[in-house]
Amino acid sequence: MSTATPGTQAADDLSRNFAFTTRLDAIVAWGRRNSLWPLPYGTACCGIELMSVMGPKYDLARFGAEVVRFSPRQSDLLVVAGTITEKMAPVLVRIYEQMLEPRFVISMGACASSGGFYRAYHVLQGCDMVIPVDVYVPGCPPTPEAVLDGIMVLQKMIKDHAPRPWRDNWKNPYDQAR
Ligand code: SF4
């Protein structure tokens, strides 16, 4: 506890040692990007690769994103890792809708981003056909370093308040079907 009297030279010197100024939106973005809570939507081999990102070697905790949640109501980062079938797509949309705002999506790997080598009637040719994707991580599977790079790209987007028209213009594709 400081004993410097407000308005004195000692108080000025003390405040220069630790005080800083910022904007409210900047500090909110700082907190937001350093405390992403991911929901791993792992459906195939990419899900296994994602586990290694969360392990001690690659240590996702360095980016503040290690608090993995399996409830959409406690998550703000959806990581789609694996093949999404047509049958599963409505479930993915439901989970996305149940997540906290502001919410973000990373599409991890070729299958999640484009259907991968499953050019088949039952496989969604990219999860962005039903939900808005912020960052695509390429690879089959992507390396852990690539996933970390995707997290950092997303963090920069949050820091810069990057426009997200894909998110703003998104509509639930199943709304009319209900
Ligand atoms: S992109 Fe490759 S590693 Fe990932 S789910 Fe598809 S087949 Fe598996």
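Guide: Welcome! Two strands pair if DSSP finds at least two bridges between them, and strands (E, at least two residues) and helices (H or I, at least four) are DSSP runs numbered from the N terminus. This is a predicted model, in which local features need pLDDT of at least 70, side-chain atom pairs count only at pLDDT 80 or more, and totals for chains, interfaces and linings use all residues. Residues are numbered from 1 along each chain as its sequence is written.

Visitor: How do you know that β1 and β2 pair?
Guide: DSSP finds 5 bridges between β1 and β2, and at least two are required, so the two strands count as paired. They run in the parallel sense, and Tyr41 stands opposite Val80 in β2.

Visitor: What makes β3 pair with both β2 and β4?
Guide: Strand β2 (residues 77-81) is joined to β3 by 5 bridges, while β3 and β4 (residues 135-137) share 3 bridges. Both pairings are parallel. On the β4 side, Ile106 stands opposite Val135 and Ser107 opposite Tyr136.

Visitor: Why are β1 and β4 called edge strands?
Guide: The open sheet has 4 strands in the order β1-β2-β3-β4. Each of β1 (38-42) and β4 pairs on one side only. From one strand to the next, the twist averages 20°, with axes being lines fitted to C-alpha atoms (for helices over the stretch in contact) and angles running from 0 to 180 degrees between N-to-C directions.

Visitor: What packs on the sheet, touching β3 and β4?
Guide: Helix α6 (residues 144-159) does, and its direction makes about 170° with that of β4.

Visitor: Why is β3 called largely enclosed?
Guide: A residue is buried if 20 or more other C-beta atoms, placed from the backbone, lie within 10 Å of its own, exposed if 12 or fewer, and partly exposed in between. In β3 (residues 104-108), 5 of the 5 residues are buried, so the strand is largely enclosed by the rest of the structure. Phe104, Ile106 and Met108 point one way, Val105 and Ser107 the other. For β1, 4 of the 5 residues are buried, so that strand is also largely enclosed.

Visitor: What handedness do the β-α-β units of β3 and β1 have?
Guide: A crossover is right-handed if, with the strands pointing away from the viewer, the path from the first strand over the helix to the second runs clockwise. The unit of β3, α5 and β4 is right-handed, whereas the one made by β1, α3 and β2 is left-handed.

Visitor: What makes Cys46 buried?
Guide: Cys46, in helix α3, has 29 other C-beta atoms within 10 Å, so it is buried. Contacts (C-beta atoms within 7 Å) link Cys46 to residues including Ala81, Met108, Cys111 and Pro141, leaving aside those up to four places away in sequence.

Visitor: Is Thr43 buried or partly exposed, and how do you know?
Guide: Thr43 sits in the loop between β1 and α3. With 17 other C-beta atoms within 10 Å, Thr43 is partly exposed. Beyond four places in sequence, Thr43 touches Gly82, Thr83 and Ile84.

Visitor: Which residues are around the ligand?
Guide: A residue counts as near if its C-beta atom, placed from the backbone, lies within 6 Å. Among those around the ligand are Cys45, Cys46, Cys111 and Cys140. Helix α5 gives the most, with 3 residues. The shell divides into 7 nonpolar, 4 polar and no charged, where Ala, Val, Leu, Ile, Met, Phe, Trp, Tyr, Cys and Pro count as nonpolar, Asp, Glu, Lys and Arg as charged, and the others, Gly among them, as polar.

Visitor: What kind of peptide bond joins Cys140 and Pro141?
Guide: Most residues other than glycine have a negative phi, and most peptide bonds are trans. The bond between Cys140 and Pro141 is cis, with omega about -10°, and the one from Glu101 to Pro102 is cis too, with omega near -5°.

Visitor: What phi do Asp59 and His161 have?
Guide: Asp59 has a positive phi of about 55°, and His161 has a positive phi of about 55°. Asp59, with 13 C-beta neighbours inside 10 Å, counts as partly exposed, while His161, with 11, is exposed.

Technical notes:
Contact = placed C-beta atoms within 7 Å.
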